[in-house]
Amino acid sequence: MWTLQELDRPKLQLLALSSVGIGLTYFLVWRRKAKKSIPLGDGWWGHGQQTLRDDNKIYPFKVETSEDEINDLHRRIDQMRYTEPLEDCGFQYGFNSNYLQKVVSYWRNQFDWKKQVAKLNEYPHFKTNIEGLDVHFVHVRAPHRPGQKVLPLMLVHGWPGSFFEFYKILPLLTDTKDDLAFEVICPSIPGYGFSEAPHKQGFCSLDAARIFLKLMERLGFNKFYLQGGDWGSLITTNMAQMKPQCVSGLHLNMLAVTKRGVGMLLSLIIGPYLPFLVGFTREDVRRLFPYFEKNVYDLLMESGYMHIQGTKPDTAGCGLNDSPVGLAAYILEKFSTWTDRKNRDLEDGDLEKKYSLDDLLTNVMIYWTTRSIIPSMRFYKENFKTNPQNRVDARTGIFVPMGHAAFPNELMHCPLPWARWRFKDIRSYSYMPRGGHFAAFEEPRLLAEDFVKFVRKVEGKKR
Amino acid sequence: MLLEVLLALVLGAVVLLVLRRSKAAVLKTEDGWWGAGSPPAGAEDESIRPFRVETSREEIEDLQRRIDQTRPVPSLEDSQFNYGFNSTYLQKVAAYWRNEFNWSKQVDKLNQYPHFKTKIEGIDVHYVHVKPKNLPEGRTAVPLIMVHGWPGSFYEFYGILPLLTEPANADDVAFEVICPSIPGYGFSEAPRKKGAWTRLGVPQARAAGVAIANMRLCSGRPGFNSVCAARVFLKLMRRLGFGRFYAQGGDWGWQITTNMAQLDPTAVKGLHINFAPVENVGPLVILSILLGRRFPGLFGFTELDVKRLYPRVEKMLVEPLKETGYFHIQATKPDTAGRGLNDSPVGLAAYILEKFSTWTDHEFRNLEDGGLERKFSLEDLLTNVMIYWTTGSITSSMRFYKENFAKGFYPPHARIPVTVPTGVAAFPNELMHTPKLWAKQKNHKLKTYTTMARGGHFAAMEEPGLMAQDIQKFIKVVEGKK
């Protein structure tokens, strides 16, 4: 039997090195398995200095309007100064002026804002003060049905959307007839709609996430599901990174690829030819390639708004806050193009194929009546201030159960192998048959079905 | 990250060298027609009609009403001009505009020089034509066309016009100046026709022999771009009887006058520019970027060159990204971008005047008032804005961006050099700085390159004296050599 003293020098060195090596390996493997979270931080966004502690009360809120508000809107619409579009340009240069006149005429003469306000108030609204800001949310409880399990859920909207995008999916989630229903919270991101806008610089998705976590805590929810697209996707992801113990599951209809690198480059080069080698399905190939055209060229064509909002939001939004027609053109252009890129070639952008003008204009009115277009744009600048790829959340994985509904006309497609780089526990990944960026608004039933399917998988695995 | 950028640059240089097609010596172009519907049968009406800028009580009252209806949104605390035009200062500008600005008086000022309109390629082209009043016996005025950019107008030249047409110095050349408005800007009619493009997929692009590195994945008929504007202005000069003339420009004016020199080198005697961004990044430029900081002498880099170009990532990537949002949205969705600005005069003013602040000096972003009134008067600034407002031309002015970048950043004219005598006035706060070496890559007959003492992007308006001086210096070099 050898003892340590009997080992000669080379063997001792070998032993030492291999011990260190094994120890290091164990440590690294353990570290990867360990659930990481990102720090919560804190903030205060009100006017001036923070003086009082947060008032924790929750106040009921009603959306209201007045004759003055409606007359002012009408007056401004009447003052629109028409610019002739180029001949035969469809939506290629932006919102087509000829079709815009039709929309505007409907808005002026047939759209009934009072009726829409009553519709908004069909669900109970509330406001509560968090970190110096009045945060608005809709709280929809499920009717008590015997034998039904009711799970809490927060739905987070994006830009240029609002809580109103969820009005069609709400009944499908809260008022179900089977064994599963949801109690839903739909907040407005601070700076959007009825949520107060931050007065201080720096309010990014991490701050919104923390505020929404505080909101759920204040409402008494210890564990809940999250669903989101656009900014909602990033905010809910941040929430899951900050307090993974509170998040039962995270369902996203938009995934942004943040971690580029050799892996992605390889899958782009090999993918079109040997997709299975890099984990791509045929559908992935269909949606991703030709890569340059679909993901680089198209993205360049469509990201002008992001560039100007990410650098000069106050300038970009200034005119839109005085001109309702300008605001409508700016916002509704997205509802056309981001629903299906082919709509760019059509004179009317096929806007009314999937949406009613009433619904579209109600969303615009939320921005108009609250004057929130500028603060909503500032969110872009605040999120791009630090390189998004270097921010703490981009460098940290997500360990809660995740489900992704990949809609075919979404702005960018994220195949499962890429999603796995960051999301360590993907329970469901579905190729949706139809639909674009505004999934909840455009295909509420499809989204609800996929979300419930995901929840069942998560709940089924629990025990 | 820097290593990747550098490697990409080197790779790009190699690709360009290998795949570059042979240079065409002269820029080719076809005739166009931009009016509504189809061109009428018969010859075009070539008459030159005098034009007067006019206003009315309704126009002024409408403006004031709209200013009164502004719904201001407070800026974030301590954000100055970093998020765009500061709200507090904007209210001051709006109040001045509403209560003190006298548009009738400014219209008279505009009319102090004779204006004209003439139809070219189906659209009415507006221009100001200024002849020297007191020309000594035996001297002829030298014809000069000066072209503005965005968001400027012919009005930017009103400060420099007297210095060029009635120079104080007896040795100086007296000019006869034509200041046109680019079609779609101000009093020039906007083109009605768009570019007709079909996007090629990568396989088709390959088959068509188009180098992917050129990002030229489109084929078709161009919309009204700088080459079309150049062609229209060449026709204008010809129509006015000028066989040979000088050209001056900055911003789009640089691009258009450069295209004029490329289209017809015999007509353009000399080209003076105050803006000269590099379009064709060749291996020499890349080398100078990589090594210029350590070995400035090798590339003829001055202190200003080094200060403006380094650190590389900050000056060549981050800064341009911060300031090109407007460019990106206008080059893709001009009709959407301009829509609200055509109803809200304050919105229009914020959008335009933000540029007059930031492009005059980037440091102005940290000032509450954007430093706007340090170099310009509110009266002049708002007169320029009024030209866009009263003509409703903001959207058509933005479309020019889309028409010029439909083919990517590397259209045919970017690869063709300029062979007429050129003078570059490099103002220290210009948006993009171009060292002499880089300017020489494109302008093969660079006669003068002056590092100006002070001034930014709107050079003619901000520093008319310095600009006039440099134009004189350039002309003397060109004429002296004859």
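Tutor: Start with burial. A residue is buried under 20% relative accessible area, exposed over 50%, and partly exposed in between (1.4 Å probe, protein chains only). Here Tyr326(B) and Tyr401(B) are both buried. This is a predicted model, where local features need pLDDT of at least 70, side-chain atom pairs count only at pLDDT 80 or more, and totals for chains, interfaces and linings use all residues. Residues are numbered from 1 along each chain as its sequence is written, chains are lettered from A and ligands numbered from 1 in the order in which they are written, and side-chain values use heavy atoms, with hydrogens and water left out.

Student: Which helix holds Tyr401(B)?

Tutor: Helices (H or I, at least four residues) and strands (E, at least two) are DSSP runs, numbered from the N terminus. Tyr401(B) sits in helix α18 of chain B, residues 394-405. Its relative accessibility is 2%, so Tyr401(B) counts as buried.

Student: What does Tyr401(B) touch?

Tutor: Contact means heavy atoms within 4.5 Å. Setting aside residues up to four places away in sequence, Tyr401(B) touches Trp150(B), Tyr185(B), Asp251(B), Trp252(B), Tyr326(B), Phe327(B), Gln330(B) and Ala331(B).

Student: Where is His457(B) found?

Tutor: His457(B) is in the chain B loop between β11 (446-451) and α21 (459-462). With a relative accessible area of 5%, His457(B) is buried. Beyond four places in sequence, the residues that His457(B) touches include Asp251(B), Asn274(B), Trp359(B) and Glu430(B).

Student: What joins the side chains of His457(B) and Glu430(B)?

Tutor: A polar contact, at 2.5 Å. The term covers a pair of N or O atoms within 3.5 Å; within protein, one must be able to donate a hydrogen and the other to accept it, and residues adjacent in sequence count only if both atoms are side-chain atoms.

Student: How many aromatic pairs are there over all chains?

Tutor: Rings of Phe, Tyr and Trp (its six-membered ring) pair if their centres lie within 6.5 Å; planes under 30 degrees apart are stacked, over 60 edge-to-face, the rest tilted. The count over all chains is 68 aromatic pairs. In chain A, the ring centres of Tyr123(A) and Tyr167(A) are 5.1 Å apart with planes at 75°, so this pair is edge-to-face. Tyr123(A) and Tyr167(A) are buried. In chain B, Tyr326(B) and Tyr401(B) have ring centres 5.9 Å apart and planes at 80°, so they too pair edge-to-face. Tyr326(B) lies in helix α13 (residues 325-330) and Tyr401(B) in helix α18, so the pair ties together parts 75 residues apart in sequence.

Student: What sits over the ring of Trp389(B)?

Tutor: A charge sits over a ring if NZ of Lys or CZ of Arg is within 6 Å of the ring centre and within 35 degrees of the ring normal. The charged end of Arg81(A) is over Trp389(B), 3.5 Å from the ring centre. Lys168(A) lies over the face of Phe441(A), 4.9 Å from its ring centre.

Student: How many residues of chain B are in contact with chain A?

Tutor: 65 residues of chain B contact 67 residues of chain A. Buried area is the accessible area (1.4 Å probe) that two parts lose on being put together, summed over both. Between chain B and chain A that is about 5,700 Å², with 49% from carbon and sulfur atoms. Arg71(B), Tyr83(B) and Arg339(B) supply 17% of the area that chain B buries against chain A, more than any other three residues.
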